[in-house]
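Please keep the model open while reading.

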Amino acid sequence: MRRFGLTRTFALVSLLAMVVLGVALVWASSSLLRDQGIKAGSRSAETYVRLALEEDDALKKAVATGTSVPEDTAIHLREQLGLGSDRPPLATGNGGSLIGVRVWDPDSNPIFDSTPGQGSDDGAAVGFSDGARLDLALAGETAADVILDVSTAQGEQRSVSRSVLDVYVPVFLGANQPVGVASVTLDYSDTEAAVAEAIRLLALVIVAGLGLLWLLLFRTVWRTSKTLRYQAAETARLALLDPLTGLPNRRLLNERLERAAAASARDGDAVGLVLLDVDRFKEVNDTLGHPRGDKLLIEVAARLREVVRDADTVARLGGDEFAVLLPAMASVADAEVLAQRVYSVFSTPFNLDGLLLHVETSVGLAVLPDHADDITALLQRADVAMYTAKAAKAGVAIYSPSGDEHSPSRLVLLGDLRRALDNDGELSMHYQPKVDLRTGQVSGLEALLRWQHPLRGAIPPTDFIPLAEQTGLIKDLTARVMGMVFAQTAEWARDGQRLPVAVNLSARNLLEPDLDLVVGALLAMHELDPELLEFEITESAIIEDPVRAGGMLTKLTALGIGVAVDDFGIGSTSMSQLRSMPLRTLKIDRSFVTHLVTDPGGASLVRAIIELAHDFGLIAVAEGVEDVEVTTVLRELGCDVAQGYLWSKPVPVADLGAVLARIAAEAPPLPKPRRRRAPAAPVPSAG
Ligand code: C2E
Ligand code: CA
Ligand code: CA
């Protein structure tokens, strides 16, 4: 922009200079031409005076005596001069034809005039003598000037004007000093026309020449400026691009991050930042050679560019580290979908000169403003997430704001969980009974995951489930849980104990596009009646992405599996969202149940939730019931099912039989009839 301005300025200034130069050239050369014309005329006049006048005896005599030329001599002289007759005027060469001659003696007295009076026969009306030139001529110098001669010819109305050259020539008559002056008047119009024509031609040549010169000059400058501009742009571009892959480098990524962050602050969008590196890239480089390493990086870059949206920026940060900037994201969940897509880039092997190479990656995701306030923090958080993913071999990890996530122990834990998934024995299911409040009989079970760490002992699910959720591990973990629960439930059913079992699903499980297929395949594999299954989804999981969650829940319901909303009450699900979900059960969050009796407003809150559940045709379940008082109030409020330590903690399968037997024995023989319907689940016989 600035450079183009400079070029334009140069064009204007140089054009101006050319115009000034052109005008000066035309002016100088035209005055030169004019002088030349006058000089040539003067020379003709001088020759004429020498040849014609200085040879004339009558004139010689008149000049010598200082008396006027007698009239008869004058007539003779005029005739001799070729004036005042029909003969054409004496040709005088370069100066044009002769119009008139006047002669003065040394005292400036006119002694001869071939054109006496204005408007004479021949029309010459040069008029009065020019004192200055007369004096010059008397001093021995020829003085000439072009005069515009205006005359009105006899019988004509219009006045006629022509240019005449009036030359004052000193007359020497053999002496050293001039003895008089002769003024020779020549018709100058032809010469003047010729001079004007020459000037016109010259001006044309000058203008064309200068114009051409200017064009050449401007073209050169413009081309040079263009080349410079291109080179500058190329340099700037190269400073922002990675030479190997052609991807934006860290600097450009930072610039775009800043822009995206500003837009996010303005529009309220989220900005996702994905960081990834190629696992064991150094080994690839060392064993296969740098050219293949480079090839791998180029291929990774190309694949990454293919899977992201146009608005996203794929950058290479150096080495085997890449970044993807995801501007204008609606939510963390949306950004995660894209992060998964980035991860999927590595699912197909890379072809390095015919060598098929399987490489893995670790993908970290952090989102502004969910995980960081500014881009520096965002970069750091994404880095932490990537580190987390690498340590856990988890594929994709989302940054978790929960404190000590990047502490080594947590990373070790992730690695251990990964290993636990591959091993048998460390992970197992515990089951907690749900009791029908009307009958006091067990109406179903909730399956809860337990991890027995070989060194650390039992690790609570509240510690490791969030860790798995932040990484890709939750998918495998849930599959593992379903495998164990489905197998167990099917086994019980085969034994005649048809106990419905609830499995907890994480929010991220609902985002797996093939979850229903996995579930369907497991159902078929274990020949399990879907009626015996329920999925518990937390309210917050539904809120995170209601559309996608609703879609998956519909698919799961279509398989014949019921869905329960877990931890209901602490989120802010809207009524319309709940109504649109294919739900069967609503589980009141433990915090409300625990404080049911002690909180002043506790009972009315729980009553409202129970009524809401019934209005929607859902079964109301209270979890975390630890004492009889709460049970009594829950019964009064019309709650259908309860679950809690009052009946039993979650127990391993081995202990479940005894627990079920005890609950069946404690159940009142004749249950009080309730207003509300109870769940249709059959009551298991005590094992
Ligand atoms: P949740 O789904 O709300 O599970 C109920 C939790 O409340 C269980 O904790 C259970 O032991 C506890 N609980 C039951 N009755 C009482 C009671 O009377 N008093 C008190 N104080 N607590 C009671 P747990 O087993 O530690 O599980 C914690 C959370 O971990 C679960 O909350 C669930 O969100 C998650 N979780 C457990 N297993 C799985 C799983 O297989 N998959 C998934 N995605 N999440 C799981
Ligand atoms: Ca649950
Ligand atoms: Ca719960």
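Where does T245 lie? The points below start there and then move on to the ligand.

1. T245 lies in the loop between helix 5 (189–240) and helix 6 (250–267). Helices are DSSP runs of H or I with at least four residues, strands are E runs of at least two, and both are numbered from the N terminus. T245 counts as buried, at 10% relative accessibility. Buried means under 20% relative accessible area, exposed over 50%, and partly exposed in between (1.4 Å probe, protein chains only).

2. A word on the basis. This is a predicted model, in which local features need pLDDT of at least 70 and side-chain atom pairs count only at pLDDT 80 or more, while totals for chains, interfaces and linings use all residues. Residues are numbered from 1 along each chain as its sequence is written, chains are lettered from A and ligands numbered from 1 in the order in which they are written, and side-chain values use heavy atoms, with hydrogens and water left out.

3. Back to T245. Its side chain joins that of D242 in a polar contact of 2.5 Å. The T245 side chain also reaches the backbone nitrogen of L247, at 3.2 Å. A polar contact is a pair of N or O atoms within 3.5 Å; within protein, one must be able to donate a hydrogen and the other to accept it, and residues adjacent in sequence count only if both atoms are side-chain atoms.

4. T361 is found in strand 11 (residues 361–368). T361 is buried, with a relative accessible area of 5%. The backbone oxygen of D277 is reached by the T361 side chain at 2.8 Å.

5. Check the peptide bond between L368 and P369. It is cis, with omega about 5 degrees. P369 has its place in the loop between strand 11 and helix 10 (375–392).

6. A328, in strand 8 (residues 321–329), has a positive phi of about 50 degrees although it is not a glycine. D353 is not a glycine either, and its phi is positive, at about 50 degrees. D353 has its place in the loop between strand 9 (350–352) and strand 10 (355–357). At 48% relative accessibility, D353 counts as partly exposed.

7. V628 is found in helix 21 (residues 628–636). V628 counts as exposed, at 55% relative accessibility. V628 and L646 are 18 residues apart in sequence, and their C-alpha atoms are 7.4 Å apart in space.

8. Now the ligand. Which residues come nearest to ligand 1? Of the 22 residues around it, they are Q432, R450, R590, E626 and Y645. Near means that a heavy atom of the residue lies within 4 Å. By class, the shell has 9 nonpolar, 6 polar and 7 charged residues.

9. Strand 14 (442–453), helix 12 (461–470), strand 16 (501–505) and strand 18 (562–568) each supply at least two residues of that shell. Strand 14 gives the most, with 4 residues.

10. An oxygen atom of ligand 1 is 2.8 Å from an N or O atom in the R450 side chain. For the side chain of S506, the distance from a nitrogen atom of ligand 1 to an N or O atom is 3.3 Å. An oxygen atom of ligand 1 is 3.4 Å from an N or O atom in the D567 side chain.

Definitions and conventions:
Ala, Val, Leu, Ile, Met, Phe, Trp, Tyr, Cys and Pro count as nonpolar, Asp, Glu, Lys and Arg as charged, and the others, Gly among them, as polar.
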